[in-house]
Amino acid sequence: MTFQHDILPLKNIIFRTALRIIPNREEAQDIVQDTLLKLWQNRAELDRVSNLESFALTMARNLAIDRKKKMEHRNISFDEALHDRTDEWQLTAQQQMEHQERYGAIRQAIDSLPEKQRTVLHLRDVEGKPYKEIAAIMSLTESDVKVTLFRARNQLKEMLKKSHK
């Protein structure tokens, strides 16, 4: 097992997962570093792991949750610059404002979901992970993943309907 070939390629998915739990770029980067370091330090035991990516994501998720609990007294805002946006130079001022309002409503709705729903939604809809892998990462059954995802999507729909009224 080499760091460059086996562990380093996981950094982007670990970052995105950490960022979904702790929407702060610097904290998410710290979690990536901590996760990669722990993986490398425990490389001798990783031969027994059947899916290194799932193992790494579980580790990153646990680190992020622990860090989030420590930070809960602080108000952390989502860094909008991390996500793809429409080329704002092509939009009129009115369109830019509408785009930002829509984006803000969606971000606020997602951020208000419980952590479990937010993480399942991210792993499935953003990362494109199969139910089985999400279940392994989050220590749930596949049925629990499907139910959690269904509830998260429905809750988002309801919140967004209310914000448009």
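This is a predicted model: local features need pLDDT of at least 70, side-chain atom pairs count only at pLDDT 80 or more; totals for chains, interfaces and linings use all residues.
Arg16, Thr17, Arg20 and Ile21 of helix H2 meet Glu115, Arg118, Thr119, His122 and Leu123 of helix H6. Sorted by class, this contact between H2 and H6 holds two nonpolar, three polar and four charged residues.

The geometry of the pair comes next. H2 covers residues 11-21, and its axis comes within 9 Å of the axis of H6, with a crossing angle of roughly 150 degrees. Angles over 145 degrees count as roughly antiparallel, which means that H2 is roughly antiparallel to H6. The crossing of the two helices is right-handed.

How much of H2 is buried? Eight of its eleven residues are, so H2 is largely enclosed by the rest of the structure. The buried residues are Ile13, Ile14, Phe15, Thr17, Ala18, Leu19, Arg20 and Ile21. Thr17, Arg20 and Ile21, which are among these buried residues, also take part in the contact with H6.

Helix H6 also has a contact with helix H7. H6 spans residues 115-126 and H7 spans residues 131-138; their axes come within 10 Å and cross at roughly 140 degrees. That angle makes H6 oblique to H7. Which residues form this contact? On the H6 side they are Lys116, Thr119, Val120, Leu123 and Arg124, and on the H7 side Tyr131, Ile134, Ile137 and Met138. By class, the contact of H6 with H7 has six nonpolar, one polar and two charged residues. H6 and H7 cross in a right-handed sense.

An α-helix has 3.6 residues a turn, so residues three or four places apart point the same way.

The remaining points concern the whole protein. It has eight helices and zero strands, and from the N terminus on its elements run α-α-α-α-α-α-α-α. The protein has 165 residues, of which 36% count as buried. Among contacts between residues at least 6 apart in sequence, 67% join residues at least 24 apart. The contact of H2, residues 11-21, with H6, residues 115-126, has been described above. The protein exposes about 10,300 Å², and carbon and sulfur atoms supply 48% of that area.

Key
Residues are numbered from 1 along each chain as its sequence is written. Side-chain values use heavy atoms; hydrogens and water are left out. Axes are lines fitted to C-alpha atoms, for helices over the stretch in contact, and angles run from 0 to 180 degrees between N-to-C directions. Helices (H or I, at least four residues) and strands (E, at least two) are DSSP runs, numbered from the N terminus. Angles under 35 degrees count as roughly parallel, over 145 as roughly antiparallel, 65 to 115 as roughly perpendicular and the rest as oblique. A crossing is left-handed if the near helix is turned anticlockwise from the far one by less than a right angle, and right-handed if clockwise. Contact means heavy atoms within 4.5 Å. Ala, Val, Leu, Ile, Met, Phe, Trp, Tyr, Cys and Pro count as nonpolar, Asp, Glu, Lys and Arg as charged, and the others, Gly among them, as polar. Buried means under 20% relative accessible area, exposed over 50%, partly exposed in between (1.4 Å probe, protein chains only). Accessible areas come from the Shrake-Rupley method with a 1.4 Å probe; for residues, only the protein chains shown count as cover.
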